[in-house]
Amino acid sequence: MIVIMAYLEDVLLPIFICVVLPIFIVFLVMNARKHEVSRKAEVALKAIEAGAPVDPNFFKTAKKKKEGIKERLLGQLTGACITFLMGAAFLAVNLLNWNDTGLHMFSVAGIVMMAIGLGLFISFFVSRSMLSREIEAEEKELENKAEE
C-alpha cells in the first residue's frame with residue numbers, strides 16, 4: 001500500500017503541477033476577462049436603453065503608461081539588490097552548515113547569484129551615468145507637463 005501511494009505521489013504530483021495547474025490558471029484568467037467584457041456590455045446596454053450616448057472608447061482596454069528611464073533603472077537596481085542578497089544568504093547558509101557535505105551547491109549558487117547581482121550593480125551605475133542627459137530631459141518634460 002505504501003509503495004502504491006509513493007508511486008502515485010511520484011506520478012500524480014508532476015502531472016498536477018505541469019498539466020492541471022497551468023490549465024486552471026488559464027481558465028481563471030480567461031473567465032475573468034469574459035466576466036469583464038460581459039459587465040461592460042451590460043453597462044453599455046443599460047446606457048443605450050436609457051438613451052444616454054455611449055463612448056466608443058469605453059470598450060478599449062487601458063494601455064500601460066510607458067516606463068521612464070528612472071523607473072527602468074530603479075527596477076534594475078532592485079533586481080541587483082535582490083540577487084546579490086540572495087547570493088549572500090546562500091553563502092551564509094553554507095557557512096553555517098560547513099560540516100554538511102550536501103550543501104556545496106549552496107555555495108556555488110551563492111557565488112553565481114552574487115556575481116549576477118554585482119554585474120547588475122555595475123550595469124546600473126554605467127547606465128545611470130550614460131543616460132544622465134536623457135534623465136534630465138525626461139524630468140524637464142515632466143515639469144513642463146505639470147506646469148500646463
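Colleague: Is cysteine 18 buried or exposed?

Modeller: Cysteine 18 is exposed, at a relative accessible area of 58%. The classes run like this: buried is under 20% relative accessible area, exposed is over 50%, and partly exposed lies in between (1.4 Å probe, protein chains only). Cysteine 81 is partly exposed, at 31%. A word on the source: this is a predicted model, where local features need pLDDT of at least 70, side-chain atom pairs count only at pLDDT 80 or more, and totals for chains, interfaces and linings use all residues. Residues are numbered from 1 along each chain as its sequence is written, and side-chain values use heavy atoms, with hydrogens and water left out.

Colleague: How many disulfides are there?

Modeller: A disulfide is a covalent bond between the sulfur atoms of two cysteines. The rule applied here asks for a pair of cysteine sulfur atoms within 2.5 Å, and by that rule the count is zero.

Colleague: How should I read the packing of helix 2 and helix 4, and what is the angle?

Modeller: Two packed helices are described by the angle between their axes and the distance between the axes. Helix 2 (residues 69-96) and helix 4 (residues 132-147) pack at about 125°, with axes 9 Å apart. That makes helix 2 oblique to helix 4; under 35 degrees counts as roughly parallel, over 145 as roughly antiparallel, 65 to 115 as roughly perpendicular, and the rest as oblique. Axes are lines fitted to C-alpha atoms, for helices over the stretch in contact, and angles run from 0 to 180 degrees between N-to-C directions. Helices themselves are DSSP runs (H or I, at least four residues), numbered from the N terminus.

Colleague: Which residues of helix 2 and helix 4 meet?

Modeller: On helix 2, Ile69, Lys70 and Leu73 meet Glu134, Ile135, Glu138 and Glu139 of helix 4, where contact means heavy atoms within 4.5 Å.

Colleague: And how many salt bridges does the whole structure have?

Modeller: A salt bridge is a side-chain nitrogen of Lys or Arg within 4 Å of a carboxyl oxygen of Asp or Glu. The search finds four. One of them joins lysine 70 to glutamate 139, with the closest N and O atoms 2.8 Å apart. Lysine 70 lies in helix 2 and glutamate 139 in helix 4, so this pair ties together parts 69 residues apart in sequence. Lysine 70 is partly exposed at 43%, and glutamate 139 is partly exposed at 31%.

Colleague: Where do glutamate 42 and arginine 39 lie?

Modeller: Both are in helix 1, three residues apart, about one turn of the helix.

Methods. Helix = DSSP H or I, 4+ residues; strand = E, 2+ residues; numbered from the N terminus.
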